[in-house]
Amino acid sequence: MKAPLSWLKEYVDIDCSAEDLKDKLFSCGFEVEEMEYIAKNIDKIVSCKILSIDKHPNADKLSVTKVDAGKYGEKQIITSAKNIAVGDVVPVALDGATLFNGERIFNGELRGVPSEGMFCSGEELGINDDWYKGASVNGILILDKSFPLGEEVKTLLDLEDVMFDINVTANRPDCQSILGIAREVAAVLSKPFKMPDLTYTTDKNISTVKTVKVSDLATDLCPRYVSHLVKDIKIEESPLWMKRRLFRMGIRSINNVVDITNYVLLEIGQPMHAFDLSNIEGNEIIVRRANENEKIVTLDEKEFILSENNLVICDSVKPVALAGVMGGLNSEIKDDTKDVLFESAKFKRDNIRKTSRALGQRSDSSSRFEKGIDAYTTEIGMKRALNLITTLKCGTIACDEYDLCAEKLVEKTIETTLSKVNAVLGIDVPKDEIKNILTKLNFKVEINGDNLTVKVPLYREDMESYPDIAEEIIREYGYSHITPTLLKNSSITNGKKTDSQKAVDNVKTFLTSLGFNEIITYSFVSEKDYDLFGFDKESEEHKFIKIINPIGEDMAVMRTSLLPSIVKTVVYNQNRQNDSGRLFELAKVYHPKSLPLNDFPIENNVLSFSVFGEKEDFFTLKGVIEKLLSNFAYGVDFDYISCDYKFMHPTRSAIIKSGDKIIGYFGQLNPILAEKVGSDKPILCGEIFYDVLSTLFVPKIVFSNISKFPTVERDIAILVDETITCKEITDVIKESAGENLIEVSLFDIYQGNQVEKGKKSMAFNLVYNSQLRTLNVEEIDASISDVLSALKQKVGAELR
Amino acid sequence: MDIFEQLREKAKEEIKTVSSSKELNDLKVKYVGKSGEITALLRGMKDIPAEERSSFGKKVNDLKDEVSTIFDEKENVLKENELNEKYKREAIDITLPGKCPEVGNLHPLNLVKNQIIDAFMGMGFNIFEGPEIDTDYYCFQALNIPKDHPARDMQDTFYFTDNILLRPHTSPGQVRTMENNKPPIKILSPGRVYRADDDASHSPMFHQIEGLVIDKNVSLCDLKGLLDEFVRIMFDRETKTRFRPSYFPFTEPSVEVDVTCCKCHGKGCNLCKGTGWIEILGAGIVNKNVLEMSGIDSNVYSGLAFGLGIERIAMIKYGISDIRTLFENNVKFLKQFNRR
């Protein structure tokens with residue numbers, strides 16, 4: 001909300017500096033987001049009388065003038081201006097002057113003739129015709145001949161002011177006006193507030209009620225509708241003071257009637273409308289919902305097709321205004337308008353908001369209505385408009401009005417206690433302070449022992465109960481009175497993480513210890529990613545939820561897989577000379593239970609990971625996964641089976657399973673896909689379905705005694721077909737070695753000149769131990785021989 | 001010079017010339033071994049008169065001990081020399097770089113999230129994470145933001161249907177906690193939130209932490225005490241808070257909380273735009289309507305709530321000027337947050 005200091009001063013005697021006022025407003029909840037000293041930098045532009053105008057000796061388009069600059073003496077000014085004459089009083093920027101836009105003017109020379117300044121236009125003073133007649137001309141601003149000479153023009157034209165731009169919170173629509181801000185200023189400065197004059201003179205021979213009929217057929221959308229007739233209007237220019245106020249607020253002056261409606265909107269905060277009565281057919285005003293496909297052309301000559309969600313003001317045959325948004329072109333005020341029907345109404349904010357959004361039509365009125373108008377302001381607004389008609393002597397006011405008020409206005413009473421109010425604050429505010437503060441804010445206060453009864457001013461529709469009163473008190477009393485206590489009256493609670501919250505922390509710590517950096521990527525992705533990555537159209541991954549109003553196509557659907565995000569992150573890094581790295585993300589994916597969405601979707605936690613760079617391959621990633629699984633799901637068997645996902649390398653990727661459950665998948669990203677997303681290097685990546693895996697977590701550490709007897713190690717090297725997997729061999733070894741084998745691990749694999757084509761050599765280390773006794777050589781030998789024969793039989797292995 | 005002296009001097013001379021443990025050992029055998037020269041003297045005992053035998057024997061043994069000691073001393077010297085030689089051969093350049101696998105770290109936003117959680121967990125808070133995709137009821141209505149409320153414009157929300165949406169704040173965590181728990185309640189609700197905004201200071205996805213305390217007689221003074229302690233843990237012990245009036249539909253009274261600038265400590269700098277204060281969070285006393293809607297008796301209990309943006313805290317703490325940096329995940333950026 002913008003409010004010029006000069007205007008506020010009309011209602012409050014402000015005796016502090018603008019800076020102080022800014023600080024005080026800040027402390028009571030009205031942050032001044034911007035404070036502009038208008039025309040402050042205009043300097044040394046003074047009123048001068050033109051004494052002579054002569055042709056420039058060296059330039060046809062320039063003139064050499066002499067001016068009387070009062071106390072500055074006589075000056076010579078070179079100009080190209082054509083709209084000046086000897087005897088004119090004009091603003092002249094003298095040596096060292098500053099214009100409105102900050103530009104500096106110094107003595108100079110034009111085509112060989114010295115110039116001691118510059119004539120100024122209205123624009124160079126930051127004004128137009130609304131501020132001073134003639135300021136809009138394309139030339140020099142000609143001032144009143146009666147002005148004293150050599151005086152600062154900014155003083156003569158009253159240009160200086162301070163403009164506050166105040167952040168008004170959504171609960172205080174009553175402060176979306178100069179009046180509302182002034183009320184707060186008065187309270188915070190403990191000064192009386194002067195209400196604007198609301199009196200007006202009526203003509204008992206003219207009656208609104210006899211001239212037009214007003215009926216409200218949409219009470220739910222229009223809680224109050226006030227209509228007042230003004231006859232014999234003289235459409236003319238507004239007085240200077242009004243034009244200047246509108247100018248400061250950025251509103252162009254049109255004529256007195258239109259200006260009055262704008263002035264009331266700014267000052268009182270009530271959007272007003274004025275109809276030309278001659279265009280109201282059937283002498284009837286009806287407030288109703290629009291008919292389906294009904295049309296209206298608004299003042300700005302745009303046509304809208306309406307629905308029953310829109311509220312319209314109609315005469316007996318047609319809509320004449322889109323309620324709360326804009327008047328109709330068919331009933332606008334014209335230069336020959338004779339009789340005007342003023343409207344001041346309260347329309348439901350929600351409906352105006354919806355209409356304005358749906359039609360894409362906004363106005364100062366609609367944005368004001370969207371914030372909320374109270375029924376009291378509706379009444380004040382009309383009175384002020386009529387007062388201005390009287391003041392401007394531009395019409396004859398009817399002696400009565402239509403006031404369709406659904407509810408009678410009664411001041412709300414809040415009955416509470418001082419102790420309840422103080423309990424919210426945690427301090428005891430002195431009784432006198434409470435009374436004083438609430439009174440300043442126009443509440444009617446009664447304190448009886450601990451009982452506090454408060455009558456709320458009509459414009460404060462936000463006030464409901466004692467916490468609201470507590471807030472009113474503390475924002476004026478000062479938050480610096482709040483003294484810190486650490487929940488002194490509260491029970492002790494034990495703050496700790498749950499097991500599953502701790503597990504998440506532990507998994508992340510585990511991964512970071514192995515060199516992984518955590519990433520965070522957006523939860524929404526492009527629908528195109530799913531086709532690019534080749535997710536099966538029938539798969540769960542392809543059933544995603546779409547945002548109705550996304551920022552862009554690339555953030556339009558909720559992801560069902562983290563893989564595209566992490567792969568893109570890897571490519572982003574590779575393109576920025578980050579040639580190697582290990583990344584992970586633990587985040588949610590979103591699966592609808594059904595489409596279209598009619599219930600909460602399932603939000604599953606997924607762990608995505610990727611390793612890239614020269615040192616990384618399938619097995620460096622697999623090593624991490626194996627460690628992760630064995631650390632967190634101790635003792636659980638996991639199988640690695642080949643993976644047929646289109647986005648993965650067909651022979652270098654694996655699905656991780658535990659029994660029937662798919663835990664995740666990993667491996668090399670399909671190289672064709674990698675190329676499509678902009679990478680020519682292998683990307684190892686995958687996902688673990690964290691919520692599935694975490695059901696297998698073993699929270700307790702399982703301890704077993706260390707055997708007192710020595711372990712025996714044996715190595716065997718075998719030759720097998722290259723298609724035989726390591727897993728097949730170790731399974732055979734485990735099955736055939738007997739109960740004393742405690743570990744088997746591969747330590748070498750060889751394929752090349754030393755072995756037959758199509759075969760590979762594999763070397764395993766077998767570890768034997770017993771909890772009960774020292775194993776003897778014979779039984780180890782027997783076990784090894786069993787293993788070798790089983791290997792030969794089951795996988796065709798030969799001892800090397 | 002008798003035989004004893006001759007032997008002693010001879011042994012001494014020979015020991016002097018020895019330069020290796022092996023030579024010394026050979027020499028030791030030559031003198032004090034089983035058939036060594038000194039030992040051999042004892043074999044000549046039979047030629048000694050009986051009354052002198054005992055003094056002769058003692059002399060031989062003394063000589064043996066004396067020479068043995070000389071051998072031991074020499075041995076120690078030689079061993080030390082040899083060890084020194086070995087150490088010299090094993091010398092390395094200790095300033096060569098060490099070898100260790102790389103260690104990664106958490107994303108800065110989660111580092112900050114953990115710091116915040118730790119600060120409040122110490123004050124008795126537990127953690128509750130609600131769904132990110134939520135209903136109009138939990139995100140708005142139950143927080144005292146009815147359908148026609150202008151405060152809905154405060155957040156530009158992403159919708160899936162009229163009723164199902166991406167939560168624009170973590171405040172629904174409050175509602176769910178109150179619905180499912182009895183006071184006393186102290187809860188933090190962290191998580192991802194979403195709003196249709198995208199520029200240097202706004203990201204369409206960001207992170208918040210909502211805090212809620214419900215108990216008897218909870219007041220603004222408690223809020224102040226709690227947040228004072230929090231900012232001292234989060235920034236430094238000198239950090240102070242300032243409350244100023246604000247408005248949120250779900251709290252009444254509502255405050256914006258500023259902290260003294262962590263860079264200039266209140267003197268005024270570019271980070272705090274010369275004011276000495278930085279806005280870090282919104283808070284207040286839980287609105288009575290919100291308590292009642294979630295089944296908490298507002299005549300018995302009161303509550304305080306606060307909500308803070310993790311990005312904002314991280315950006316202030318680490319001096320990050322563009323929020324988008326946090327979501328690009330450039331490894332060079334991420335690796336800078338590896339101090340433990």
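**Asn217(B) sits in the loop that links strand E5 (205-215) to helix H8 (220-234) of chain B.** Helices (H or I, at least four residues) and strands (E, at least two) are DSSP runs, numbered from the N terminus. The model is predicted: local features need pLDDT of at least 70, side-chain atom pairs count only at pLDDT 80 or more, and totals for chains, interfaces and linings use all residues. Residues are numbered from 1 along each chain as its sequence is written, and chains are lettered from A and ligands numbered from 1 in the order in which they are written. Asn217(B) has 15 C-beta neighbours inside 10 Å and therefore counts as partly exposed (buried means 20 or more other C-beta atoms within 10 Å, exposed 12 or fewer, partly exposed in between, with C-beta atoms placed from the backbone). Apart from its neighbours within four places in sequence, Asn217(B) is in contact with Ala423(A), Asn489(A) and Ser302(B) (contact: C-beta atoms, placed from the backbone, within 7 Å). The C-alpha atom of Asn217(B) is 8.0 Å from that of Gly303(B), and these two residues are 86 apart along the chain.

**Chain A and chain B meet through 75 residues of chain A and 69 residues of chain B.** On the side of chain A that touches chain B, H13(A) gives the most, with six residues. That side of chain A consists of 32 nonpolar, 27 polar and 16 charged residues (nonpolar: Ala, Val, Leu, Ile, Met, Phe, Trp, Tyr, Cys and Pro; charged: Asp, Glu, Lys and Arg; polar: the others, Gly among them).

**Helices H11 (residues 418-425) and H13 (residues 466-477) of chain A pack with their axes 9 Å apart.** The angle between the two helices is about 65° (axes are lines fitted to C-alpha atoms, for helices over the stretch in contact, and angles run from 0 to 180 degrees between N-to-C directions). H11(A) and H13(A) are therefore roughly perpendicular to each other (roughly perpendicular is 65 to 115 degrees, roughly parallel under 35, roughly antiparallel over 145, and oblique the rest). The crossing of H11(A) and H13(A) is right-handed (the near helix is turned clockwise from the far one by less than a right angle; anticlockwise is left-handed). From H11(A), the residues at the contact are Lys420(A), Val421(A), Val424(A) and Leu425(A). They meet Tyr466(A), Pro467(A), Ile469(A), Ala470(A), Ile473(A) and Ile474(A) in H13(A). Nine residues of this contact between H11(A) and H13(A) are nonpolar, none is polar and one is charged.

**Helices H7 (residues 256-267) and H10 (residues 375-392) of chain A cross at roughly 135°.** Their axes come within 10 Å. H7(A) and H10(A) are therefore oblique to each other, and H7(A) passes H10(A) in a right-handed crossing. H7(A) contributes Asn256(A), Ile260(A), Thr261(A), Tyr263(A), Val264(A) and Glu267(A) to the contact. H10(A) contributes Gly381(A), Arg384(A), Ala385(A), Leu388(A), Ile389(A) and Leu392(A). Sorted by class, the residues in the contact of H7(A) with H10(A) are seven nonpolar, three polar and two charged.

Pro596(A) is placed in the loop between strand E30 (581-591) and strand E31 (602-612) of chain A. Pro253(B) lies in strand E7 (residues 251-260) of chain B.

**Ala39(A) and Glu301(A) have positive phi although neither is a glycine.** For Ala39(A), phi is about 60°. Ala39(A) belongs to the loop between strand E2 (31-38) and strand E3 (43-55) of chain A. Ala39(A) is buried, because 20 other C-beta atoms lie within 10 Å. For Glu301(A), phi is about 65°. Glu301(A) is found in the loop between strand E17 (295-297) and strand E18 (303-305) of chain A. Glu301(A) counts as exposed because it has 7 C-beta neighbours inside 10 Å.

**Ala85(A) is in the loop between strand E5 (74-79) and strand E6 (89-98) of chain A.** With 8 C-beta neighbours inside 10 Å, Ala85(A) counts as exposed. Between the C-alpha atoms of Ala85(A) and Tyr634(A) there are 100 Å, and the two residues are 549 apart along the chain.

Note on methods. Two residues are in contact if their C-beta atoms, placed from the backbone, lie within 7 Å.
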